[in-house]
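Please keep the sequence and the 3D view open while reading.

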Amino acid sequence: MMKRYKTSLEDTYDLVERTKQYDFNTCLSYILERGKKLYGEEFIINPFHKDALYKVLIYAIEDHATLEKLDLSLDKGLLIMGAPSSGKTAVMQLVKPFFSRKKQYDIKTCRSLSHDFMQRGFETTTRYENINAKPFCLDNLGKEQVAKHYGYACEVVTNIIESHYEQRFDQTYPRIHITTSLSPTEIEDRYGQHFRKMLQQLFNVIVIK
């Protein structure tokens with residue numbers, strides 16, 4: 001049977017004394033192939049993507065020595081920031097296979113979360129606010145609206161972030177990730193200073209420049 005891709009996940013590393021030693025260039029080839037399949041043949045990896053991809057890959061494969069050099073922590077999630085259409089969601093989508101099975105995450109847009117609340121109420125938020133929740137990525141922070149369900153208004157994303165902030169010292173609690181086109185100042189203007197400080201404590205910030 002003809003291989004669907006030229007590069008497989010197993011091609012991206014060598015097993016040395018039971019430890020996976022990854023080759024970044026091969027990882028990029030793996031990501032590029034899948035990007036073209038998912039987003040079309042026009043998909044490319046720009047130079048400004050490489051720095052972000054490198055940091056997210058190091059986080060995903062849990063390279064502790066390099067994480068320390070990059071000042072990244074596995075105790076925190078990822079906050080991917082960048083201009084609209086800069087490839088934030090694609091980065092999180094295409095690097096997913098490098099995460100361990102336990103840390104595989106779903107990607108959910110903040111806008112669709114608000115819509116879900118309008119349909120189902122607080123059942124929506126409780127799915128993301130318990131210790132048994134699957135890791136997830138909140139996509140496009142800032143695009144959501146205040147949601148209402150039978151007269152109850154709710155800042156759905158804010159509630160979820162606050163819940164995880166309260167459990168930030170519990171290492172068994174699932175880690176969450178975020179993408180946003182908002183700048184730090186715009187985040188503070190929209191959500192307040194306290195929310196911005198919560199993000200600083202909960203996430204490693206990676207900027208696609």
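Asp71 counts as exposed, at 66% relative accessibility. Throughout, buried means under 20% relative accessible area, exposed means over 50%, and partly exposed lies in between (1.4 Å probe, protein chains only). The model is predicted: local features need pLDDT of at least 70, side-chain atom pairs count only at pLDDT 80 or more, and totals for chains, interfaces and linings use all residues. Residues are numbered from 1 along each chain as its sequence is written, and side-chain values use heavy atoms, with hydrogens and water left out.

Asp71 sits in the loop between H3 and strand E3 (77–82). Helices (H or I, at least four residues) and strands (E, at least two) are DSSP runs, numbered from the N terminus. Asp71 is not a glycine, yet has a positive phi of about 60°. Its C-alpha atom is 8.5 Å from that of Asn204, and 133 residues separate Asp71 and Asn204 along the chain.

## Salt bridges

How many salt bridges does the structure hold? There are 4. The term covers a side-chain nitrogen of Lys or Arg within 4 Å of a carboxyl oxygen of Asp or Glu.

Take Asp51 and Lys55. Both lie in helix H2 (residues 47–61). They are 4 residues apart, about one turn of the helix. Asp51 is partly exposed, with a relative accessible area of 40%. Lys55 is also partly exposed, at 23%.

Lys103 lies in the loop between helix H4 (88–94) and strand E4 (106–109), and Glu62 in the loop between H2 and helix H3 (64–69), so the pair ties together parts that are 41 residues apart in sequence. Lys103 is partly exposed, with a relative accessible area of 34%. For Glu62 the value is 26%, again partly exposed. Glu62 has a backbone feature too: a positive phi of about 60°, although it is not a glycine.

Arg196 is partly exposed, at a relative accessible area of 25%. Glu188 counts as partly exposed, at 27% relative accessibility.

## Cysteines

How many disulfides does the structure hold? The count is 0. A disulfide here is a pair of cysteine sulfur atoms within 2.5 Å. Cys110 is in no disulfide; the nearest cysteine sulfur belongs to Cys137 and is 8.4 Å away. Cys110 counts as buried, at 0% relative accessibility. Cys27 is buried as well, at 2% relative accessibility.

## Helices H7 and H9

Two packed helices are described by the angle between their axes and the distance between the axes. The axes of H7 and helix H9 (residues 193–202) come within 10 Å and cross at roughly 50°. That makes H7 oblique to H9. Axes are lines fitted to C-alpha atoms, for helices over the stretch in contact, and angles run from 0 to 180 degrees between N-to-C directions. Angles under 35 degrees count as roughly parallel, over 145 as roughly antiparallel, 65 to 115 as roughly perpendicular, and the rest as oblique.

The crossing of H7 and H9 is left-handed. On the H7 side, the contact is made by Thr158, Ile161, Glu162, His164 and Tyr165. On the H9 side, Phe195, Met198, Leu199, Gln201 and Leu202 take part. Contact means heavy atoms within 4.5 Å.

Where is His164 found? His164 belongs to helix H7 (residues 156–166). His164 counts as buried, at 5% relative accessibility. Leaving out residues up to four places away in sequence, His164 touches Tyr128, Phe136, Tyr173, Pro174, Ile176 and Leu202.

Technical notes: Left-handed = near helix turned anticlockwise from the far one by under 90°.
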